[in-house]
Amino acid sequence: MKISIMRFLGNIEAKTDAKGRVFLPATFRKVLQAAGEDILVMRKDVHQKCLVLYPESTWNSRLDSLLERISPWDDEGQQVLRQYVSEAETLSLDGNGRFLIPKRYLQMADIEQGVRFIGINDAIEIWAVEKTQQPFLPQADFAEKLKAIMTAGH
């Protein structure tokens, strides 16, 4: 059982090659190596048009959390589980630190060639670089929403 806490931080631009391979940024590879992680799970984000890379232990933790909430006798819950898992794929880095983003995933996230890796706590988002040219929220909205989150319940 891995005990290290992984925290990915960074906003790094890269390009896929003609086959859809891309280098995982070195800063993220170092975090994975320090935690002894060599398997990643990729799926489309549930809310946004981007891909998410989970270290295997993070993926397993999130999947366990979902499984705890779904009864094997709950048909609707089983459909959610089925879709969640069927949209995921296991991958590993090659000797050069690259991995392949299959065509169907490139299409799900509207990625043509340029990508932006964004470290989000214990996962890494992969965005089409064009979708990250503008802030995710206008600065005033961001400040207001962050304040609301940070002061809720205090």
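1. In helix H3, the residues Gly 77, Gln 78, Leu 81 and Tyr 84 are buried (buried means under 20% relative accessible area, exposed over 50%, partly exposed in between, with a 1.4 Å probe and protein chains only). These residues cover an arc of only 125 degrees around the axis, which puts them on the same side of H3; the arc is that of the directions from the helix axis to the C-beta atoms. On the other side of H3, Asp 75 and Glu 76 are exposed.

2. Basis of the description. This is a predicted model, in which local features need pLDDT of at least 70 and side-chain atom pairs count only at pLDDT 80 or more, while totals for chains, interfaces and linings use all residues. Residues are numbered from 1 along each chain as its sequence is written, and side-chain values use heavy atoms, with hydrogens and water left out.

3. Geometry and surroundings of H3. The helix comprises 12 residues, 75-86, and reaches 16 Å from its first C-alpha to its last, close to the 16 Å expected at 1.5 Å a residue (the expected span is 1.5 Å times one less than the number of residues). The cover over its buried residues includes strands E3 (39-44), E4 (51-55) and E5 (88-92), together with helix H2 (56-69). At the start of H3, a side-chain oxygen of Asp 74 comes to within 3.2 Å of the backbone nitrogen of Glu 76.

4. Overall make-up. The chain has five helices and eight strands; helices (H or I, at least four residues) and strands (E, at least two) are DSSP runs, numbered from the N terminus. Of its 154 residues, 38% count as buried. The C-alpha trace spans about 45 × 40 × 35 Å along its principal axes. Residues 24 or more positions apart account for 60% of the contacts with a separation of 6 or more, a contact being heavy atoms within 4.5 Å.

5. The sheet. Six strands form an open, antiparallel sheet in the order E1-E7-E8-E4-E3-E5; two strands pair if DSSP finds at least two bridges between them. Strand E1 (11-15) and E5 stand at the edges, each with a single partner strand, so one side of each is left without a neighbour in the sheet. Neighbouring strands are turned by 25 degrees against each other on average, direction ignored (axes are lines fitted to C-alpha atoms, for helices over the stretch in contact, and angles run from 0 to 180 degrees between N-to-C directions).

6. Strand E4. Five of the five residues of E4 are buried, so this strand is largely enclosed by the rest of the structure. Leu 51, Leu 53 and Pro 55 lie on one side, with Val 52 and Tyr 54 on the other. E3 and E4 form a hairpin with six residues between them and pair over five antiparallel bridges; Leu 40 stands opposite Pro 55. Three bridges join E4 to E8 (residues 123-128). In E8, Ile 124 stands opposite Leu 53, and Ile 126 is the bridge partner of Leu 51.

7. Helices on the sheet. H1 (residues 26-34) packs on the sheet, touching E1, E3, E4, E7 (114-120) and E8, and its direction makes about 40 degrees with that of E7. H2 lies across E3, E4 and E5, running at about 100 degrees to E4.

8. Thr 16. This residue is in the loop between E1 and strand E2 (21-23) and is buried, with a relative accessible area of 5%. Leaving aside neighbours within four places in sequence, the contacts of Thr 16 are Arg 21, Val 22, Ile 101, Leu 106, Glu 112, Gln 113 and Val 115.

Technical notes
Polar contact = N/O pair within 3.5 Å; in protein donor to acceptor, adjacent residues only side chain to side chain.
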